[in-house]
Amino acid sequence: MTVTIGGNRIGGGAPAYLIGEIGLNHNGDVDIAKRLIDIAADAGMQAVKFQKRTPAISTPEHMKSVPRETPWGTMTYLDYRYRVEFDRDQYIEIGDHATLRGLDWFASPWDEPSVEFLEDLNVVAYKIASASVTDLGLLGAVAQTGKPVILSTGMSTIDQVDAAVEALGTDRLVIMHATSTYPLPAEEANLRMIGSLAARFPGVPIGYSGHEPGLQISLAAVALGATAVERHITLDRTMWGSDHAASLEPHGLNTLVRDIRIIESALGDGVKRVMPGELAPLSKLRRVGA
């Protein structure tokens, strides 16, 4: 089975669909968001993703009044969430920029009003964040849009993943193996889950959403069959914000995309044959023919 997002096919032997997770790494600045979109496009990615919240709803009650030190001074966690949230006009501006750069763009809604917000902007797909796997009301609202859905599975049990898949349906679903540790240590990556998810949900494209500081784990995910790869991207990993340390800077992103495409080319079709480059060594070196 394949899933189509924008003009890109996911699964069925198509090249891995590469998503630059901008998230909140724009720090509420449209110009930074546009620069990150450019970085993703220049690297050869197919999509960029944001996060959309209605902070009064999506912020856990026990977190709302917690003080947060920010570049704009000390404020409550709820006020910080409002400070970095884009409004409709800003989303139109960054969405248009992504489209002009040839990228699909979409977001993770963290509450049901955010689904309505994104529907009004006619996003091409939805991403369910790992934190929202158990929010069946949100999943139902996303499913009702009829748009393709990418489901991350971090911080979840397999029973919770099963329930989320049942709520979303499998017709237009891509499931992403993920571990929500930031940054991700190798011993928690559990990449064999890519094969386990493929066996559990036959025909559903399985991808990988990574939070590791390097490239090796994402590259191994592609070698193990990941049909999509999502990585956080940043201008500079030392910038203020919770996700920058687990993000890729431009040089690392360019290397990742290049190496993913090399790995895909190297995987071949699994049919043993004499390759064209072997003919000359065959003629020179093999003494006894078949």
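At what angle do helix α6 (residues 136-144) and helix α7 (residues 158-168) pack, and how far apart are their axes?

**Entry 1: ground rules.** I am working with a predicted model, where local features need pLDDT of at least 70, side-chain atom pairs count only at pLDDT 80 or more, and totals for chains, interfaces and linings use all residues. I number residues from 1 along each chain as its sequence is written, and side-chain values use heavy atoms, with hydrogens and water left out.

**Entry 2: the helix pair.** I found α6 and α7 packed at about 35 degrees, with their axes 8 Å apart. Axes here are lines fitted to C-alpha atoms, for helices over the stretch in contact, and angles run from 0 to 180 degrees between N-to-C directions. Helices (H or I, at least four residues) and strands (E, at least two) are DSSP runs, numbered from the N terminus. The crossing of α6 past α7 is right-handed, meaning that the near helix is turned clockwise from the far one by less than a right angle. I then looked up who touches whom, with contact meaning heavy atoms within 4.5 Å. Leu136, Leu139, Val142 and Ala143 come from α6, and Ala163, Ala164, Ala167 and Leu168 from α7. By class that is eight nonpolar, no polar and no charged residues. For the classes, Ala, Val, Leu, Ile, Met, Phe, Trp, Tyr, Cys and Pro count as nonpolar, Asp, Glu, Lys and Arg as charged, and the others, Gly among them, as polar.

**Entry 3: pockets.** A pocket is an open set of points on a 1 Å grid over the protein atoms alone, where a 1.4 Å probe fits, with protein on both sides within 12 Å along at least five of seven lines; lining residues have an atom within 4 Å of a point. Volume is the space filled by probe spheres set on the points, which are joined across faces, edges and corners. The largest pocket holds about 590 Å³. I see 33 residues in its lining, with Gln51, Arg53, Trp110, Ala131 and Tyr182 nearest the centre. Helix α3 gives the largest share, three residues. The lining of this pocket has twelve nonpolar, 14 polar and seven charged residues.

The second largest pocket has about 180 Å³. Its lining includes Gly13, Pro15, Val222 and Glu264, and splits into six nonpolar, three polar and one charged.

Entry 4: Most residues other than glycine have a negative phi, and most peptide bonds are trans. I noted a cis bond from Tyr182 to Pro183, with omega near -15 degrees. Pro183 sits in the loop between β10 (173-178) and α8 (193-200). Asn27 has a positive phi, near 50 degrees, and lies in the loop between β3 (17-23) and α1 (30-43).

**Entry 5: Ile263.** I placed Ile263 in helix α10 (residues 250-267). Beyond its neighbours within four places in sequence, Ile263 contacts Leu219, Val222 and Ala223. Its C-alpha is 9.1 Å from that of Ala220, 43 residues apart along the chain.
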